[in-house]
Amino acid sequence: YALIYAALGIVIYVAFRFEWRMGVASILGLLHDAFFMLALFSIFRLEVDITFIAAVLTIIGYSINDTIVTFDRIRENLNRRGDIKDIAELADIVNKSLRQTLGRSVNTVLTVIFAVAALMLFGAESIQNFSIALLIGLLAGTYSSIFISAQIWFDLKKREIEKNGAIKIDVEKKKWESDEPVV
């Protein structure tokens, strides 16, 4: 139940701060991260204990932060561009935003990976699974923020454009509106 409530809280926050499509994309990226870590631990038959749970929660925090930074950059670039007339223009904005955040994401993860590698090499045996889970999660989280969450949002937004036509962005209110009148 705690995971369901946390996921709903994240969707509500992201939907309020950005839009609901970004909230859904964020949760799907987080699910990818958690299931990827769990799958690898199952494949390699590593012990799932309290340190594993701590690693999963840590990775979810890193991943949601990275995803929010990416979505914030997408929103900024959308606000600068104004009206989005077609899907190619939206794809250009997403690609530009990802290029702008890619260096930050990779540098942040590499810094933490150095610390995790030190824990793996010099740490006690009791934190080996924690270190392995962190390493797997960091790689999966970075991947999902860049290649999964943003692409899911793009697909959802593309469907909106195909359904409603061009998307107008009111820069002052920072709200997105379609060409169709609200009935």
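Analyst: The protein chain holds 5 helices and 2 strands, where helices (H or I, at least four residues) and strands (E, at least two) are DSSP runs numbered from the N terminus. This is a predicted model, in which local features need pLDDT of at least 70 and side-chain atom pairs count only at pLDDT 80 or more, while totals for chains, interfaces and linings use all residues. Residues are numbered from 1 along each chain as its sequence is written, and side-chain values use heavy atoms, with hydrogens and water left out.

From the N terminus the order of elements is α-α-α-α-α-β-β. The helix taken here is H2, residues 20-43. H2 has 24 residues and covers 34 Å from its first C-alpha to its last, close to the expected 34 Å; that expectation is 1.5 Å times one less than the number of residues.

Buried residues of H2 include Arg-21, Met-22, Gly-23, Ala-25, Ser-26, Ile-27, Gly-29 and Leu-30. Further along H2, Asp-33, Met-37, Leu-40 and Phe-41 are buried as well. Buried means under 20% relative accessible area (1.4 Å probe, protein chains only). An α-helix has 3.6 residues a turn, so residues three or four places apart point the same way. After H2 comes Arg-45, with a positive phi near 55°.

For the whole protein chain, 40% of the 183 residues count as buried. Its C-alpha trace spans about 60 × 35 × 25 Å along the principal axes. Of the contacts (heavy atoms within 4.5 Å) with a separation of 6 or more, 68% come from residues 24 or more positions apart.

Note on methods
Buried < 20%, exposed > 50% of the residue type's maximum accessible area, 1.4 Å probe, protein only.
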